[in-house]
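Please have the viewer open and follow along.

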Amino acid sequence: MATAEPRDIKEVVLDKEIKLEDLIAVARFGAKVSFSENYRERVNKCRALVDRFVREKRRMYGITTGLGENVKRAIPEESAIRYQKNTMLTHCTTVGEPMEEETVRAMLFMMLANVGSGVSGARFEALELIAELLNRGITPWVPLHGSVGYLDAEAHAALVLTGEGRAYYRGELLDGGEALRRAGIIPFTPSYKEGLCFVNGCTSITAMGAIAAYDARNLVASADVIASCTLEALSANLKAFDERVMAVKPHKEQAATAEHVRKILADSAFLKETGGKNLQDALSLRCVPQAHGAARKTVNDAVAAIETEMNSCDDNPIIHPSGEVLSACNSDSGFVGIESDSICIAMGYLAKISERRTDRMVNEHVSGLPPFLVANPGENSGYMIVQYSSAGLLGEIRLLSHPASVDSVPTCAFQEDYVSMGYNAAMKACKVVRLAEYVLGNELLTAVQAADLRAQKGLPLSEATAAVGAAVRERAPFMENDHYISPDMEWARELVHSGRIREMAEQRIGKMY
């Protein structure tokens, strides 16, 4: 059964497995969060172990000892609870502009998944409070920059639970305590392990990685639709998409791309009449299955790894049901970090072939269309500078595609002598996906203009590409003469980002991932 679109999910019940769509439903579309009885039971059982171990005066990292290099220093019993609050205060060290609201909401959702796994140790009422922040629209103010892979962004969010820090409520930035008061929420005082529970792990990295992966998966599917619009407008030769070609290089993602294009263009009377005049098209046209397929595989791999991380406990130490407290490093963000770097590369690969297709449409020497897709090219620049935009965006994507996960700077007096840098990887993955959406949006805008110029032949386009063109024309008018084009570009990107381009094709050919 197909997974529901996130905007159609109204409530996410935390129980066992969660998917990208659940996170996006809560973070982006405001779905409510609730808990199953299984969730409540495993949290309470784990908390009972923490309370027992404290009574037994066990030596436990971050509970009865300090953190990092301070692991060798005991925390006096009378200071243990205050220490948890101090952990939140001193870890609030990210700086600069704030995270976007959906990113912070995704991080809170990941705190519920991570700490609610049943081996972390927080009280259930603390998790209920996080759910209340999500359900009542309180979004902590969290600066974006300065994390090596865990701890810092999370602390800013967790501090609001205690009535400190800052948070947005109904569009206003308030002191954390005032935001809670206006929403009718009573702050809590962190108990044993809870300060550590909520600042530790890779909840911010997984949140950003999940958003990037969701949007990247949508973009790969949307790219198949947009490329189909371009192939049609340029009267391409679809033999390059033949099943027999795909069979002798049997990457399933390549075959899926070719199948999408074949299905989208199957009913194009225009292409049946005008297509295939070139024995062999340029690479940016005939290599769509191979290029998009490679990006698709990379993104699918990232989705699988990130969803595994979403369903993990990345706290330290682990309060295991066997009765042991296990210090380890599930808080490492290597899986999400490496996959986030891979998403950047995949998006760069997708964007570079898209930019070349855009250039082919505006270039009269290869397109067979009016120069820069406008009737009076001397007086009008038409879509000339749209291609410039794609070139500039592609340059920025290339800069951001250098992997962050290969970096490491020792911290904490050599106790943490290796760090993942997964945070930087996930942060830039979100940015790269957005930039790539603009590149594909530029191609979409250009392809629709090119198709409209071809319309004089009187042959209908495919049903899918015609629907896509109509959507673009809702806010981006046909360019007869130069006009203010920036809003057109923003609209094209929004059509891509929202999933609408993909969904219009899926209504006709079925699910595209």
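## A buried charged pair and its network

E503 and R502 are both buried, a word used here for a relative accessible area under 20%, with exposed meaning over 50% and partly exposed in between (1.4 Å probe, protein chains only). Their side chains meet in a salt bridge at 3.7 Å, N to O. The term salt bridge asks for a side-chain nitrogen of Lys or Arg within 4 Å of a carboxyl oxygen of Asp or Glu. These two residues belong to a network of salt bridges that also links E5, R7, E506 and K511.

A note on the model itself: it is predicted, so local features need pLDDT of at least 70 and side-chain atom pairs count only at pLDDT 80 or more, while totals for chains, interfaces and linings use all residues. Residues are numbered from 1 along each chain as its sequence is written, and side-chain values use heavy atoms, with hydrogens and water left out.

## Other salt bridges

The whole structure holds 38 salt bridges. One of them joins E474 and R500, with N and O 2.5 Å apart. Because E474 sits in the loop between α19 (463–472) and α20 (486–497) while R500 is in helix α21 (residues 500–509), this pair ties together parts that are 26 residues apart in sequence. Both ends are partly exposed: E474 has 47% relative accessibility, and R500 has 30%.

R356 and E355 form another salt bridge, and their closest N and O atoms are 2.7 Å apart. Here the two partners fall into separate classes: R356 is partly exposed at 37%, whereas E355 is buried at 6%.

How many disulfides does a search of the whole structure find? The count is 0, with a disulfide taken as a pair of cysteine sulfur atoms within 2.5 Å. For C46, the closest cysteine sulfur is in C197, and at 7.7 Å that is too far for a bond. C430 is in no disulfide either, since the sulfur of C344, its nearest, is 8.9 Å away.

Is C46 buried or exposed? With 2% relative accessibility, C46 is buried. C430, at 23%, is partly exposed.

## A serine in strand β2

S34 lies in strand β2 (residues 32–35) and is buried, with 18% relative accessibility. Leaving aside residues up to four places away in sequence, S34 touches E11, V12, V13 and L14; contact means heavy atoms within 4.5 Å. V13 is 21 residues from S34 in sequence, yet their C-alpha atoms are 4.8 Å apart.

With E11, the S34 side chain makes a side-chain polar contact at 2.6 Å. A polar contact is a pair of N or O atoms within 3.5 Å; within protein, one must be able to donate a hydrogen and the other to accept it, and residues adjacent in sequence count only if both atoms are side-chain atoms.

## The chain as a whole

The chain has 21 helices and 9 strands, where helices (H or I, at least four residues) and strands (E, at least two) are DSSP runs numbered from the N terminus. Its C-alpha trace spans about 85 × 50 × 45 Å along the principal axes. Of the 513 residues, 58% are buried.
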